[in-house]
Amino acid sequence: MAEKSESLEYTPTWVVAVVCFIIVLISLAAERGLHRLGKFFLQKNQDALFKALQKLKEELMLLGFISLLLTVSQRAISQICVPENILKVMLPCTLKESATSNHLITGRHLLAGSSGAEHCNRHEGKVPLLSLEALHQLHIFIFVLAVTHVIFCATTMVLGGAKIQQWRHWENSIQKQSKPHHVHILHIQSFVDRAGRRWRKYALVSWTVAFFKQFYGSVTKSDYIVLRTGFIKKHCPSNPKYNFHQYILRTLEHDFKKIVGISWYLWLFVVLFLLINIAGWHSYFWLSFLPLLLLLLVGTKLEHIITELAQEVSERSSVVDEITPIKPSDELFWFHSPTLVLYLIHFILFQNSFEIAFFVWIWCTYGFKSCIMEELGFIIPRLIVGVIVQVLCSYSTLPLYALVTQMGTTYKRGIFGEQTEDSLRLWAGSSIHNRMVTETLESITVSNRPACNEIQDISSTVELSYPNKPHTTP
């Protein structure tokens, strides 16, 4: 009778109704909240953030599918029987620790049928491959990991965006000048001073200076103005008053759509991390330093690129004047790929999210004194490193990335303003026009032609085809 009382057949209907009502209410509230947030982004012409929200919905759908798959297959998995000695290898806790560990029991019971343990007891020397309790805990961990990653990415983008917003008054001061394509001699001289001293030309010295530079004043006004001028002279020479600051914010919003997702290779890292969590290895303690090391490496490289540009200007011209331009090039980046920096930042944020999510999951599931949690001396450094990575990435590395990666040979899709791109897509009614606009928008990151020329060409085509149709330029 005790087993039957746990079944849905012997559960009071009011209990079932109340639980279902609460679950459905919470789910609908979350769905409506995301829907209203999407409408808000569209009303504010934040197309990139709207697409990032759609990407977030895709991740939630994947998470829901994983949850459903675990729920449906848990009975079949728990009834897979294996020899007992196989499960004594590569344990996260030693058998002595796991036998005496006190942790919160959060296992779920099946609605009907026998447990995996009862099934495997019929076979001598056999045990379940994975218990129902372990499956449930794994289920919770995947959910916590995904939520933590999204929160960390959003926090980084918000804080980094706030830092970049501080550059707006630099852009405004340039726009007020009569000759915005000319850089004031004080700014160009300050920029060249990065490489002006002979001892800084040695590789070891210049890399060391770049390493420490990322911790204080990673981007100065002189850096911004000189890099802005170099970008406009290469990609938009016909529009010296092009709003470079808005372009940076647009490209950052486009990149957020990629960062917020959990790619397939990141899921492979999750599997690898779970595999090496072996008692005595302290693998999570050592892995917690990986995002910090990568972040410092990326920040140093970005700072060093600015130094290389300054050295190039200093060596190319003996007399530095107001019209001495820098030369953006993909050769400045690792493997000639500015996009690689974005993938590294993506991995850094995910790895840091994994460390924090794993800590929270272990704490809530097994308790602070769990053998998996390890000693206090291993816990505190992991938490400190996590905070350092989050702060440094938000206030230094991300703003550096947003500015320095514009110094590649090509420009990004954000070169078009939101309204310009929307107008082009609305105008592209016929298959011929649609093909032309689509090809232009999709190839925008691989073109070497000045961007303003392409915008003017398409805008002229719109004007000739539909002279009464309004259109905008950035």
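Modeller: What follows goes through the salt bridges, then the aromatic rings, then the pockets. The model is a predicted one, and every value below is computed from it.

I begin with the salt bridges, of which a search of the whole structure finds three. Side chains of opposite charge can pair when their charged atoms come close. One of these bridges joins the side chains of R228 and E171, with 3.1 Å from N to O. This pair links distant parts of the chain, since R228 belongs to helix α10 and E171 to helix α7 (residues 168–175), 57 residues apart. R228 has a relative accessibility of 1% and therefore counts as buried, and E171, at 1% relative accessibility, counts as buried because the limit is under 20%.

Another bridge is formed by E355 and R382, whose closest N and O atoms are 3.4 Å apart. Here too distant parts of the chain are linked, with E355 in helix α15 and R382 in helix α16 (residues 376–404), 27 residues apart. E355 is buried at a relative accessible area of 4%, and R382 counts as buried at 8% relative accessibility.

The side chains of E31 and R32 also meet in a salt bridge, at 2.9 Å from N to O. E31 is partly exposed, with a relative accessible area of 38%, and R32 is partly exposed as well, with a relative accessible area of 43%.

A charge can also meet a ring, and in this model the charged end of K213 sits over the ring of Y216, 5.8 Å from the ring centre.

Turning to the rings themselves, the count comes to 27 aromatic pairs. A pair of aromatic rings is described by the distance of the centres and the angle of the planes. Y224 and F244 form a tilted pair, with 5.8 Å centre to centre and 50 degrees between the planes. Because Y224 lies in helix α10 (residues 221–235) and F244 in helix α11 (residues 244–259), this pair ties together parts that are 20 residues apart in sequence. F244 also forms a tilted aromatic pair with Y247, at 6.1 Å centre to centre and 35 degrees between the planes. F244 and Y247 both lie in helix α11, three residues apart, which is about one turn of the helix. Y224 and F244 are buried, and Y247 is buried too. Elsewhere, ring pairs link F141, F269, F273, Y284, F347, F354, F358, W361 and Y366 into a cluster.

One member of that cluster, Y366, leads on to the largest pocket, where L91, P92, L130, A134 and Y366 lie nearest the centre among 40 lining residues. The elements that give two or more residues to this lining are α3 (47–78), α4 (95–100), β2 (126–128), α6 (132–165), α12 (264–275) and α15 (339–366). The largest share, seven residues, comes from α6. The volume of the largest pocket is about 1,700 Å³, and its lining has 30 nonpolar, seven polar and three charged residues.

The second largest pocket holds about 690 Å³ of space. Of its 19 lining residues, S27, A30, L60, G64 and F143 are the closest to its centre, and the elements giving two or more residues to the lining are α2 (13–43), α3 and α6. The largest share of this lining, seven residues, comes from α3, and by class the lining divides into 11 nonpolar, five polar and three charged residues.

Notes: Residues numbered from 1 in each chain as written. Predicted model: local features only at pLDDT ≥ 70, side-chain atom pairs only at ≥ 80, totals over all residues. Heavy atoms only, no water. 1 Å grid on protein atoms, 1.4 Å probe; cavity = no way out; pocket = protein on both sides within 12 Å on 5 of 7 lines; lining within 4 Å. Points joined across faces, edges and corners; volume = space filled by probe spheres on them. Helix = DSSP H or I, 4+ residues; strand = E, 2+ residues; numbered from the N terminus. Nonpolar A, V, L, I, M, F, W, Y, C, P; charged D, E, K, R; others polar. Phe/Tyr/Trp six-rings, centres within 6.5 Å; stacked < 30°, edge-to-face > 60°. Buried < 20%, exposed > 50% of the residue type's maximum accessible area, 1.4 Å probe, protein only. Lys NZ or Arg CZ within 6 Å of the ring centre and 35° of its normal. Salt bridge = Lys/Arg side-chain N within 4 Å of Asp/Glu carboxyl O.
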